[in-house]
Amino acid sequence: MGLIDWLHLTSGFLFLVAALHKIYKRQAEHFFTRFLVSAWFFLTVFEQHFTVEFVRAMSNYVIMLIPLIEIISPISRKYWRGKR
C-alpha cells in the first residue's frame with residue numbers, strides 16, 4: 001500500500017468515527033454524509049483497479065452530494081413528519 005492508500009484509510013476511519021458520533025447524537029443526515037465519505041475512502045483503498053481519473057470524478061460527485069443531502073434532509077423530514 002502506498003502513501004495515498006494510508007491517507008485514504010486514515011480518512012475513512014476518521015469519517016467513520018465522526019459518522020458514529022453523529023448517529024449517537026441522533027443527527028441522521030450528518031451521519032449519512034459522513035458514512036458516505038467514509039465508504040468512498042475505504043472503497044478507493046480496497047479497489048485498486050480504479051484509475052486516478054475515475055477516483056477524481058467520483059470524488060467530485062461525492063463532495064457534491066454532501067451539501068445536497070444536508071439541505072434536502074431537514075426539508076424531507078419535516079414533510080414526512082407532517083404525513084403521519
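These legends accompany close-up views of a predicted model.

**View 1. Confidence along the predicted chain.** The mean pLDDT of the protein chain is 84. Of its residues, 96% reach 70 or more.

**View 2. The largest nonpolar core.** Five residues build this core: Val37, Trp40, Phe41, Val55 and Val62. Helix 2 (28-46) and helix 3 (52-83) each supply at least two of the core residues. The largest share, 3 residues, comes from helix 2.

**View 3. Contacts of Phe41, a member of the core.** Phe41 belongs to the largest nonpolar core. Which residues does Phe41 touch, not counting those up to four places away in sequence? They are His8, Ser11, Gly12 and Phe15.

**View 4. Ser38, a buried residue of helix 2.** Ser38 sits in helix 2. Its relative accessibility is 1%, so Ser38 counts as buried. The cut-off for buried is under 20%. With residues up to four places away in sequence set aside, Ser38 touches Gly12, Phe15 and Leu16.

View 5. Thr33 is another residue placed in helix 2. Is Thr33 buried or exposed? Thr33 is buried, because its relative accessible area is 1%, and buried means under 20%. Leaving aside neighbours within four places in sequence, Thr33 is in contact with Ile66, Ile69 and Glu70. Leu65 is 32 residues from Thr33 in sequence. In space, the two C-alpha atoms are 7.9 Å apart.

**View 6. A nonpolar patch on the surface.** The patch is formed by Leu65, Leu68, Ile71, Ile72 and Ile75. Together these residues have about 470 Å² of accessible area. Leu65 lies in helix 3, and Leu68 is found in helix 3 as well. Leu65 has 34% relative accessibility, so Leu65 counts as partly exposed. Leu68 also counts as partly exposed, at 45%. Both values fall in the range between the limits for buried, under 20%, and exposed, over 50%.

**View 7. Arg26 in the loop between helix 1 and helix 2.** Arg26 is placed in this loop. How exposed is Arg26? Relative accessibility is 74%, so Arg26 counts as exposed. The cut-off for exposed is over 50%. The backbone deserves a look too. Phi of Arg26 is near 60°, a positive value in a residue other than glycine. Most residues other than glycine have a negative phi.

**View 8. Ala28 and Pro74.** Ala28 is placed in helix 2. At 39% relative accessibility, Ala28 counts as partly exposed. Pro74 is 46 residues away from Ala28 in sequence. In space, Ala28 and Pro74 are 9.7 Å apart, C-alpha to C-alpha.

Definitions and conventions. Residues are numbered from 1 along each chain as its sequence is written. This is a predicted model: local features need pLDDT of at least 70, side-chain atom pairs count only at pLDDT 80 or more; totals for chains, interfaces and linings use all residues. Side-chain values use heavy atoms; hydrogens and water are left out. A nonpolar core is a set of buried Ala, Val, Leu, Ile, Met, Phe, Trp, Tyr and Cys residues joined through side-chain atoms within 4.5 Å. Buried means under 20% relative accessible area, exposed over 50%, partly exposed in between (1.4 Å probe, protein chains only). Helices (H or I, at least four residues) and strands (E, at least two) are DSSP runs, numbered from the N terminus. Contact means heavy atoms within 4.5 Å. Patches are made of residues with over 30% relative accessible area and no salt bridge: like charges are joined within 9 Å, nonpolar side chains (Val, Leu, Ile, Met, Phe, Trp, Tyr) within 5 Å. Accessible areas come from the Shrake-Rupley method with a 1.4 Å probe; for residues, only the protein chains shown count as cover. A salt bridge is a side-chain nitrogen of Lys or Arg within 4 Å of a carboxyl oxygen of Asp or Glu. pLDDT is the predictor's confidence in each residue, from 0 to 100.
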